[in-house]
Amino acid sequence: MSFHEIDDVLWESIEPYLPPQKPHTGRPRANMRKLMNGILYVVMTGCTWKDVPRRYGSKSTVHRFHLYLCEHGIYQEIFNELLNKGYDLKKIDLSHCFTDTKDIPTKKGGISATTVIKK
């Protein structure tokens, strides 16, 4: 899978869930779009946080922002929004989905699919 930066359409969906900019006192917050691209770079390429390209911000800032999003449940909110938009745009079709039940235990000693396959 190759890495692509967040486009304008995706950014419009994500941005409302991110924390608001700080007031004009003190140090301004880093560009959140760059930070999100840095996080996605790590996720998509499998590199470590220390290998985040400088154009996305410092490695520690990108990692701290990732931790903030995790701790505040923001990733789940963004995921739900994108999932709902996928349904609305008819880009998600569950008519071709199935469930893999090989790891679900059977009720009261019945035989499982893996038991049948082993015989």
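This report walks through the fold, the salt bridges, the cysteines and the aromatic pairs of a predicted model.

## Overall fold

Let's start with the big picture. The protein chain contains 5 helices and 0 strands, and reading along the sequence gives the pattern α-α-α-α-α. Of the 119 residues in the protein chain, 23% are buried. The accessible surface comes to about 9500 Å², and carbon and sulfur atoms account for 56% of that area.

## Salt bridges

Side chains of opposite charge can pair when their charged atoms come close. How many salt bridges does a search of the whole structure find? The search gives 2.

One of them joins E5 and R55, with 4.0 Å between the closest N and O atoms. This pair links distant parts of the chain: E5 sits in the segment before α1 (8-14), while R55 belongs to the loop between α2 (32-45) and α3 (59-71), and 50 residues separate them.

R33 counts as partly exposed, its relative accessibility being 24%.

## Cysteines

A disulfide is a covalent bond between the sulfur atoms of two cysteines. If you are setting up bonds for this model, the count of disulfides is 0, taking a cut-off of 2.5 Å between the sulfur atoms.

Is C47 buried or exposed? At 19% relative accessibility, C47 counts as buried, because the limit for that class is under 20%. C70, with a relative accessible area of 41%, is partly exposed.

## Aromatic pairs

Now for the rings: the count comes to 3 aromatic pairs. In one of them, the ring centres of F3 and Y56 are 6.2 Å apart. Why is this pair edge-to-face? The planes of F3 and Y56 meet at 80 degrees, and planes over 60 degrees apart count as edge-to-face, so the pair falls in that class. F3 lies in the segment before α1 and Y56 in the loop between α2 and α3, so the pair ties together parts that are 53 residues apart in sequence.

Y56 itself is buried, at a relative accessible area of 2%. Y56 also pairs with Y41, with 6.0 Å from centre to centre and 40 degrees between the planes, which makes this aromatic pair tilted. Distant parts of the chain are linked here as well: Y41 is in helix α2 and Y56 in the loop between α2 and α3, 15 residues apart. Put together, F3, Y41 and Y56 form one aromatic cluster.

## Where the links meet

Key: Residues numbered from 1 in each chain as written. Predicted model: local features only at pLDDT ≥ 70, side-chain atom pairs only at ≥ 80, totals over all residues. Heavy atoms only, no water. Helix = DSSP H or I, 4+ residues; strand = E, 2+ residues; numbered from the N terminus. Buried < 20%, exposed > 50% of the residue type's maximum accessible area, 1.4 Å probe, protein only. Areas by Shrake-Rupley, 256 points an atom, 1.4 Å probe, with all protein chains shown as cover. Salt bridge = Lys/Arg side-chain N within 4 Å of Asp/Glu carboxyl O. Phe/Tyr/Trp six-rings, centres within 6.5 Å; stacked < 30°, edge-to-face > 60°.
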